Amino acid sequence: MRLPWCHLWFPVPYEFIMKETLREINALQEAGIIGQSAIGGAMGATFYLEPISTYDLDIFVLFESPALILTLAPIYEFLQARGHLPEGDAITICGWPVQFLPAESALLREAVEQAVTVDFEGVPARVMTAEHLAAIAVQTGRAKDFARLLAFVESGQLDAGRLEEILKRHGLVDAWAKFEARYLA
Amino acid sequence: MSPLTRQILKHKQERRHALAQLPYPEKVRIVEKLRGAAKKIGQVARHQGLR
């Protein structure tokens, strides 16, 4: 079993932490503990935008289990055996809190299924598309989500047609219209 | 929303509050860490045509 080198060389240079963390997430998938997954949240948005203040890496996972019996225990047991420490509901991988979240809404499931694969310096990583991240922000609707949406709009990163299709498919057209009227008018 | 997701979101909020209480030098250390990760993500994203 290949253990992460962050346990051997310490402290890990900050720019290598993400790569090592992604390697560990891939190890979970290779071991058959999780199915498809994708980076979302603020760290996902950072692939398209300027850095966004966040301290955890959100990994959305497709679970087979019914919602009422969802558990993260197998994920944490696997990672703890590799020397990573739990921190509340997150687990710290190479000093980085990683949060595994069930992709339980139709929008989140689609975002995981349609995520793009990027080559993170030799480590494959799946990242939600900019349009899905924006649609999730519309759905979640907190103040910080609107700030992220504004950043997406201002960046010119969104494919308007693709976003519109996602918003229609998930009943978010009215929520988007409210956002537009309030912040883009 | 499942009980698990509700619990996760509650813990995320608690973590944000705990981070806000950290001493300033520790917050600076975290910002440095984030800057390192964000720099690397930016390089990868540009290289992969995501930006």
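At what angle do helix H6 and helix H8 of chain A pack, and how far apart are their axes? Keep that in mind while you set up the view.

**Before you start**

This is a predicted model, in which local features need pLDDT of at least 70 and side-chain atom pairs count only at pLDDT 80 or more, while totals for chains, interfaces and linings use all residues. Residues are numbered from 1 along each chain as its sequence is written, and chains are lettered from A and ligands numbered from 1 in the order in which they are written.

**Stop 1: H6 and H8 of chain A**

Select residues 143-155 and 173-184 of chain A. These are H6 and H8, and they pack at about 80° with their axes 11 Å apart. Axes here are lines fitted to C-alpha atoms, for helices over the stretch in contact, and angles run from 0 to 180 degrees between N-to-C directions. The angle makes H6(A) roughly perpendicular to H8(A); angles of 65 to 115 degrees get that label, those under 35 count as roughly parallel, those over 145 as roughly antiparallel and the rest as oblique. Helices (H or I, at least four residues) and strands (E, at least two) are DSSP runs, numbered from the N terminus.

Now show side chains. H6(A) brings Phe146(A), Leu149(A), Leu150(A) and Val153(A) to the contact, and H8(A) brings Phe179(A), Tyr183(A) and Leu184(A). Contact means that C-beta atoms, placed from the backbone, lie within 7 Å. By class there are 7 nonpolar, no polar and no charged residues (Ala, Val, Leu, Ile, Met, Phe, Trp, Tyr, Cys and Pro are nonpolar; Asp, Glu, Lys and Arg are charged; the others, Gly among them, are polar).

**Stop 2: H4 and H5 of chain A**

Next, pick residues 106-113 (H4) and 130-140 (H5) of chain A, which pack at about 165° with axes 10 Å apart. That makes H4(A) roughly antiparallel to H5(A). Look for Leu107(A), Leu108(A), Glu110(A) and Ala111(A) on H4(A), facing His132(A), Ala135(A), Ile136(A) and Gln139(A) on H5(A). This contact has 5 nonpolar, 2 polar and 1 charged residues.

**Stop 3: Gln99(A)**

Move to Gln99(A), in strand E5 of chain A. Is Gln99(A) buried or exposed? Gln99(A) is buried, because 23 other C-beta atoms lie within 10 Å; the cut-off for buried is 20 or more, exposed is 12 or fewer, and partly exposed is in between, with C-beta atoms placed from the backbone. Leaving aside neighbours within four places in sequence, its contacts include Asp56(A), Ile59(A) and Asp89(A), as well as Ile8(B) and Lys12(B) of chain B.

**Stop 4: where the chains meet**

Colour by chain. The contact takes 22 residues from chain A and 25 residues from chain B. On chain A, helix H1 (14-30), strand E5 (96-102) and strand E6 (116-120) each supply at least two residues, with the largest share, 4 residues, coming from H1(A). The chain A side divides into 14 nonpolar, 3 polar and 5 charged residues.

**Stop 5: each chain on its own**

Hide chain B first. Chain A has 8 helices and 7 strands, and 41% of its 185 residues count as buried.

The C-alpha trace of chain B spans about 40 × 35 × 10 Å along its principal axes.

Key
Contact = placed C-beta atoms within 7 Å.
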